[in-house]
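Let's take a walk through a protein chain together, one feature at a time. Keep the picture open and look for each residue as it comes up.

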Amino acid sequence: MVDPTRHRQLEELDQVELCVKIWTMARNELYLNMRYLDVALSRLGFEADWGRQGIATDGFLIYYDPDVLLEMYRQGRVVVDRAFLHVLLHCLFCHLDSRKGRSGPLWDLACDIAVESIVDGMVVKCVHKPPSMFRRETYLRLKNAGLTVMNAQGIYKKLLESSFDEKRLDRLEQEFYVDGHDLWEQKLPKSQMVRRQEQWKDDRERMQTEMETMSAGEQGEDDGGLKQQVQVANRERYDHRAFLKKFAVLREELLVDPDSFDPIFYTYGLELYGDMPLVEPLETKEVCRIEDFVIVIDTSMSCSGPLIRRFLEETYSILASSESYFHKVDIHILQCDEKVRSDVRITSEEEMKAYMEHFTIIGQGGTDFRPAFAHVAGLMAAGEFHRLKGLIYFTDGKGIYPVQKPPYDTAFVFLKEDYEDVSVPGWAMKLILSPEELEEQPG
């Protein structure tokens with residue numbers, strides 16, 4: 001007599017073996033058509049999860065219900081290939097680790113729309129499936145709303161602004177659903193989370209390099225916007241504090257220098273001779289801080305008032321810290337569109353605080369960078385600065401640049417809702433940030 005339990009176990013083993021072959025075949029097909037995914041494709045393993053009613057990932061494994069996977073395969077290999085790629089793109093763009101502070105259901109939906117928009121836009125046979133009318137309409141609405149890069153962060157913002165009713169959101173969720181996101185919520189040891197993030201970050205950077213070095217023929221006519229989204233994800237994160245340190249200067253201040261002072265000899269002298277130390281601490285210390293500085297705010301119509309204020313607030317919070325600037329400073333804050341509208345000189349923390357409290361935007365005309373640089377040149381000629389180290393220009397990037405390099409470091413901080421490379425003169429530094437990144441900075 002055959003043991004029914006044993007028979008069922010053998011059937012399940014055969015089913016799992018078949019499912020692994022299906023996943024492996026899907027991975028091979030994706031690799032043959034998208035060579036730039038080579039390392040990322042091998043990152044995910046497979047594990048059967050009976051009763052799951054779908055597929056899901058934790059960034060290490062793809063968990064699947066064998067019955068569901070076999071049903072997907074019966075519908076066609078394209079369905080399995082698309083599901084594999086869908087899960088893989090979630091991992092590459094770190095959607096699993098970016099939900100913090102966001103509405104869970106809306107973030108899940110935004111992530112699904114983002115990766116499906118990429119897959120739908122790919123002209124690759126193994127994943128090609130004509131998108132439905134509803135999908136095409138959704139993509140068109142997002143683009144008409146000003147979203148040129150269909151990344152999850154941008155889509156999430158548009159979903160929040162759109163205030164869709166529950167019926168519309170349910171329809172969107174059903175249309176773009178491919179995998180479950182319940183494993184995104186599980187708490188992992190910090191070391192494991194860091195390892196997961198670093199692995200996918202390395203794979204994403206490697207993928208960008210390979211996509212950029214491939215010829216158009218090798219890469220395909222259309223990658224569905226994947227390359228653009230990878231550039232957004234790999235863009236250097238906004239770190240204003242570290243960026244401002246590039247404009248610091250070295251100077252002596254009245255401070256005890258612990259690196260050049262030995263407290264042992266000091267206390268030994270006091271013990272041996274009463275009130276006569278053997279060595280005195282140095283009364284000055286060389287420190288690297290911000291002294292003379294210029295901040296130029298582009299007040300043209302294209303720059304948002306609240307974001308300008310947020311940029312100034314963050315800059316103020318950094319400059320107000322004792323580690324960042326000298327007690328005596330000379331900071332000029334210029335407002336400029338096609339000409340300089342305002343020049344306010346800040347020489348102390350109190351003046352900076354008062355300026356922030358009464359800040360108003362002046363101008364909102366066109367954009368021309370040259371007047372601000374000409375104005376600073378006039379200040380330098382008049383001896384207004386002791387040692388001007390640098391200038392930061394906060395702008396949207398659409399303007400006329402000076403031809404000659406000024407005698408100080410210059411950085412353009414570009415505000416971009418979507419990734420768009422901006423050409424700047426070779427003598428200038430460039431930092432691109434999105435409104436979301438600026439708003440997320442601690443106040």
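Arg341 is partly exposed, at 33% relative accessible area; on this scale, buried means under 20%, exposed means over 50%, and partly exposed is what lies in between (1.4 Å probe, protein chains only). Arg341 and Glu338 form a salt bridge, with their closest N and O atoms 2.8 Å apart.

You're looking at a predicted model, where local features need pLDDT of at least 70 and side-chain atom pairs count only at pLDDT 80 or more, while totals for chains, interfaces and linings use all residues. Residues are numbered from 1 along each chain as its sequence is written, and side-chain values use heavy atoms, with hydrogens and water left out.

How many salt bridges does a search of the whole structure find? The count is 20. One of them joins the side chains of Asp38 and Arg206, at 3.8 Å from N to O. Asp38 sits in helix H2 (residues 38-41) and Arg206 in helix H9 (residues 190-213), so this pair ties together parts that are 168 residues apart in sequence. Helices, by the way, are DSSP runs (H or I, at least four residues), strands are runs of E (at least two), and both are numbered from the N terminus. Asp38 is partly exposed at 24% relative accessibility, and Arg206 is partly exposed at 41%.

Now find Arg135 and Glu116, another salt bridge, with the closest N and O atoms 2.7 Å apart. Arg135 is in helix H6 (residues 133-144) and Glu116 in helix H5 (residues 104-121), so to speak distant parts of the chain, 19 residues apart. Are these two buried or exposed? Both Arg135 and Glu116 are buried. They also belong to a network of salt bridges that links Arg82, Glu116, Asp120, Arg135 and Glu175.

Next, the strands. Three of them form an open sheet with mixed pairing, in the order E1-E3-E2. In general, strands of a sheet pair through backbone hydrogen bonds, either parallel or antiparallel. Here, two strands pair if DSSP finds at least two bridges between them. E1 (45-48) and E2 (55-57) are the edge strands, each pairing on one side only. E1 and E3 (residues 61-64) run parallel and are joined by four bridges, and Ala48 stands opposite Tyr64 in E3. Helix H4 (residues 77-92) lies across E1, E2 and E3, at about 25° to E2; axes are lines fitted to C-alpha atoms, for helices over the stretch in contact, and angles run from 0 to 180 degrees between N-to-C directions.

Move along to Phe373, in helix H16 (residues 370-381). Phe373 is buried, at 8% relative accessibility. Leaving aside neighbours within four places in sequence, its contacts (heavy atoms within 4.5 Å) include Leu391, Tyr393, Pro402 and Trp427. Leu391 is 18 residues away in sequence, and 9.1 Å away in space, C-alpha to C-alpha.

Last stop: the cysteines. A disulfide is a pair of cysteine sulfur atoms within 2.5 Å, and the count comes to zero. Cys91 is in no disulfide, and the nearest cysteine sulfur, that of Cys94, is 8.6 Å away. Cys91 is buried at 1% relative accessibility, and Cys19 is buried at 0%.

Terms used: Salt bridge = Lys/Arg side-chain N within 4 Å of Asp/Glu carboxyl O.
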